[in-house]
Amino acid sequence: DLVPAGIASLAGIDADGFRIRGDAPGVVTVHVEGVSRYDEIQVSVVQPTERRVDLRPWNWYPLPSDYFLQGMSVLVGRSAYLFGTASGGGSDLTGVGHAAFARTSAGDAIDFAPVAGSDFAKLTAKAAGTDTFVWGDSVPVTVAAVTEADIAAIDVIEIWRTQRGNAYQCEVGQTLYVVVVPYDGDGRMVVGTTDAIDPPSVVLDEAAQPYLSDTTPADPNEELRDVMQNRTVFLKCEAAGTATATVSWNGMSRDVTVTIAPAAQ
């Protein structure tokens with residue numbers, strides 16, 4: 001049960017848990033009792049004071065926000081996500097359903113579909129252009145739809161341990177997964193698997209070869225290709241030391257430096 005009454009109510013019971021609905025500001029104690037177990041938690045119900053739209057360029061992986069400070073573009077035919085976040089009392093709030101996504105532009109470039117039971121909205125780019133979205137009373141966010149020909153610059157990130165920039169660390173025997181992150185001419189991060197552009201390549205000079213090896217699959221399956229967006233190289237750390245590799249893609253290159261420690265005992 002929920003004590004005191006009036007702050008929250010039981011919204012439903014699922015196979016692996018239950019849902020409560022916040023009805024009024026306050027703190028409610030949730031009592032849970034089974035055949036041989038009893039527990040309770042306290043839940044604060046807060047009235048949101050701000051709502052915002054967060055971009056989710058890689059829904060499958062937590063990408064640092066500094067990689068898309070200038071916004072997000074989606075390749076035509078590909079998808080990305082928006083996420084609604086409410087805050088109150090100085091903290092972001094959990095819970096879904098108290099605000100809705102809406103498109104405030106013509107909708108000629110991007111289809112969008114709110115995901116039921118969540119504060120997500122899926123975007124699918126259908127033609128070059130821009131569209132603008134809000135979540136409740138949030139500040140509008142504009143997302144662009146672009147083609148591969150619009151890619152103008154790149155960055156890199158190592159996604160195994162979310163290592164930013166181009167200086168990474170690993171231990172002997174570990175593999176680094178270095179993803180090329182593309183940007184359009186307006187500095188917006190471009191999202192989506194690239195098809196017309198060949199995957200990236202790696203050059204290891206003679207000095208680097210004792211320390212690093214290129215283990216990128218020559219023919220990845222479709223799932224791995226899409227998860228890695230067809231822009232990932234695998235660098236295996238072979239021996240302790242420091243080495244530099246050159247990652248090239250779409251006529252652009254970035255040097256990455258790897259510091260390799262002995263394997264942990």
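**Disulfide and sheet**

Mentor: Cys 170 and Cys 237 form a disulfide (a pair of cysteine sulfur atoms within 2.5 Å), with their sulfur atoms 1.9 Å apart. This is a predicted model, where local features need pLDDT of at least 70, side-chain atom pairs count only at pLDDT 80 or more, and totals for chains, interfaces and linings use all residues. Residues are numbered from 1 along each chain as its sequence is written, and side-chain values use heavy atoms, with hydrogens and water left out.

Trainee: Thanks! How many disulfides does that rule count come to?

Mentor: The count comes to one disulfide.

Trainee: And what is the handedness of the link between Cys 170 and Cys 237?

Mentor: Left-handed, with -115° about the S-S bond. The pair links distant parts of the chain, 67 residues apart: Cys 170 lies in strand β16 (residues 167–171) and Cys 237 in strand β21 (residues 232–237). Strands here are DSSP runs of E, at least two residues, numbered from the N terminus.

Trainee: Are Cys 170 and Cys 237 buried or exposed?

Mentor: Both Cys 170 and Cys 237 are buried, meaning under 20% relative accessible area with a 1.4 Å probe, protein chains only.

Trainee: New topic: what is the strand order in the open sheet?

Mentor: The order is β16-β23-β22-β19, four strands with mixed pairing; two strands pair if DSSP finds at least two bridges between them. β16 and β19 (201–204) are at the edges with a single partner strand each, so one side of each has no neighbour in the sheet.

Trainee: How many bridges join β22 and β23?

Mentor: Nine, in the antiparallel sense, between β22 (residues 241–249) and β23 (residues 252–261). Ala 245 has Val 256 in β23 as its bridge partner.

Technical notes
Buried < 20%, exposed > 50% of the residue type's maximum accessible area, 1.4 Å probe, protein only.
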